[in-house]
Amino acid sequence: MSKCQQIHRRDCLKAGGLSLLGLDLPSWFHLRQAMAEERAIGNRPRAKACIFLFMWGGPAHQDTWDMKPTAPVEYRGEFRPIDTNVPGLQICEHLPLLAQRADKLAVIRSMTHDDVDHTSATHYPLTGRRTPRRGAGLGEDWPSIGSVVSKLGRGTGPLPSFISMMPVVPNGAPRFVESSHGQGAGWLGPTFDPMRIDADGSKPDYKVGDFELLADVPSTRSSLRRELLGVMDERDGQIESNELVQATRSHYERAFTLLSSKGAVEAFDLSQEPASVRERYGMNVHGQSVLQARRLVEAGVPFVTVFWPNDGLTNVSVYWDTHNRNFIDLRTRLCPVTDQAFSALLDDLQERGMLDETLIVWTGEMGRTPRIGQGVVGGAGAGADGRDHWASCFTSVLAGGGIRGGTVYGSSDRFAAYPASNPTAPQDLVATIYHSLGIDPHLQLRDSLGRPLTICDGSPIAPILA
């Protein structure tokens with residue numbers, strides 16, 4: 001039986017005119033499947049932008065979002081749960097501001113995968129795919145969500161479509177985040193890598209690049225330089241076809257555009273924010289990065305990733321990687337900072353009428369071991385007051401554009417060791433992000449060899465969609 005005999009006659013008639021729409025028959029069936037899945041999910045994508053708060057290092061889920069107060073002390077730890085403004089939902093006592101905004105949050109307590117290596121595990125939630133192979137370079141990665149957004153031409157105005165906040169705190173401490181997989185465009189090519197901001201927004205001299213023309217370079221001369229660059233590019237088609245040259249040209253074009261756009265430059269000027277707003281987010285590296293992300297989204301950037309920074313301290317756990325001092329660091333420098341910045345972002349977007357169209361994602365690449373002091377194969381060990389790497393169960397949190405607030409999806413067992421219900425792989429989280437942004441998670445893009453590759457093999461998490 002032919003494919004046309006298996007479907008409705010009306011579909012066959014439609015298929016006959018596909019060439020008018022530039023679609024072949026397989027693409028038509030794929031489109032029909034995507035539309036059917038959309039109807040099954042039952043909601044329309046609402047997010048125009050996404051702010052991805054990436055807690056590099058692996059937050060201890062049982063000490064933050066998934067408390068186990070009845071477990072033995074060596075599992076439950078030192079912290080106690082507190083009620084939120086959602087009946088029956090409790091979170092850590094050191095997240096009091098977020099507890100009062102839980103009605104805006106969807107908490108996924110059953111995230112799971114099997115990679116306990118930080119730099120490769122990051123690839124999973126940032127792309128929706130596993131790392132291509134052990135030891136692969138970043139250029140072999142699957143493209144990050146932001147790079148796909150950029151490839152699809154999303155965004156308005158002169159600013160890049162994808163910006164990554166990765167502040168550098170110069171202190172000699174390890175900076176594993178730069179070598180983590182999944183953060184860039186991978187095989188899509190460097191043209192779609194993010195614009196990376198490594199400046200510290202909490203410093204008085206905070207400045208993102210040099211977006212002002214030099215005094216001896218008037219705008220007319222800048223325009224002539226831009227025209228000359230275009231002529232040179234056109235005269236050498238062979239060089240122009242080189243991927244790196246194309247990326248360089250794209251970055252030059254972006255630089256010229258930014259130089260000629262006062263509004264774009266102002267998006268990076270945190271001094272334009274009232275002091276009360278800046279203090280609301282927290283006058284620290286992470287808080288000001290989150291505020292910068294809000295300003296960028298407001299200026300038309302559709303995707304901003306905010307990586308948790310290295311705090312500039314060498315005698316504590318690096319990032320959220322609490323192999324030692326788990327409870328001290330969570331209580332003093334991790335939970336309070338994320339609680340303040342995340343809650344300020346929710347309130348700020350709500351007050352500006354932007355929350356319904358801005359998706360917020362808060363997650364790390366993994367969680368921490370169920371038992372304090374427990375070491376695992378492939379981890380880095382744990383001190384008597386620490387937790388090692390643990391990917392079998394962790395928590396991710398979403399809010400804003402198209403997300404049903406006040407919901408908990410999935411659960412973990414009594415020790416927060418493994419999912420007890422609705423195990424959720426990172427590709428399903430990524431598929432949910434794509435869906436909320438109005439992008440088909442099963443979209444195919446071509447790599448440098450012309451092969452069509454499906455960007456994500458997960459499915460949107462329907463129960464958390466509004």
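Accessible areas here come from the Shrake-Rupley method with a 1.4 Å probe, and for residues only the protein chains shown count as cover. By this method the chain exposes about 20,300 Å², and carbon and sulfur atoms supply 51% of that area. The model is a predicted one, in which local features need pLDDT of at least 70 and side-chain atom pairs count only at pLDDT 80 or more, while totals for chains, interfaces and linings use all residues. Residues are numbered from 1 along each chain as its sequence is written, and side-chain values use heavy atoms, with hydrogens and water left out.

The overall picture comes next.

Two strands pair if DSSP finds at least two bridges between them. E5 runs parallel to strand E7 (residues 303–307), joined by four bridges, and Ile163 stands opposite Val304. E5 also pairs in the parallel sense with strand E6 (residues 195–197), over three bridges. There, Ser164 has Arg196 as its bridge partner.

The loop between E5 and E6 contains Ser180. This residue is buried, with a relative accessible area of 2%. Not counting residues up to four places away in sequence, Ser180 touches Trp56, Thr119, Thr122 and Leu138. The C-alpha atoms of Ser180 and Ala121 are separated by 8.2 Å, although these residues are 59 apart along the chain.

Most residues other than glycine have a negative phi. Tyr319, however, has a positive phi of about 55°. Tyr319 sits in the loop between E7 and helix H15 (326–351), where it is buried at a relative accessible area of 1%. Ala416 also has a positive phi, near 60°. Its loop lies between strand E13 (411–412) and strand E14 (419–421), and Ala416 counts as buried at 0% relative accessibility.

Helix H16 (residues 426–436) is mostly covered, with 11 of its 11 residues buried. Among them are Asp428, Leu429, Ile433, Tyr434 and His435. Just after H16 comes Gly438, with a positive phi of about 80°.

Finally, the structure holds one cavity of 30 Å³ or more. On a 1 Å grid over the protein atoms alone, a cavity is a set of points where a 1.4 Å probe fits but cannot get out, and lining residues have an atom within 4 Å of a point. Grid points are joined across faces, edges and corners, and a volume is the space filled by probe spheres set on the points. The largest cavity has a volume of about 40 Å³. Its lining consists of Pro59, Ala60, His61, Thr64, Trp65, Gly364, Met366, Phe394 and Thr395.

Terms used:
Helix = DSSP H or I, 4+ residues; strand = E, 2+ residues; numbered from the N terminus. 1 Å grid on protein atoms, 1.4 Å probe; cavity = no way out; pocket = protein on both sides within 12 Å on 5 of 7 lines; lining within 4 Å. Buried < 20%, exposed > 50% of the residue type's maximum accessible area, 1.4 Å probe, protein only. Contact = heavy atoms within 4.5 Å.
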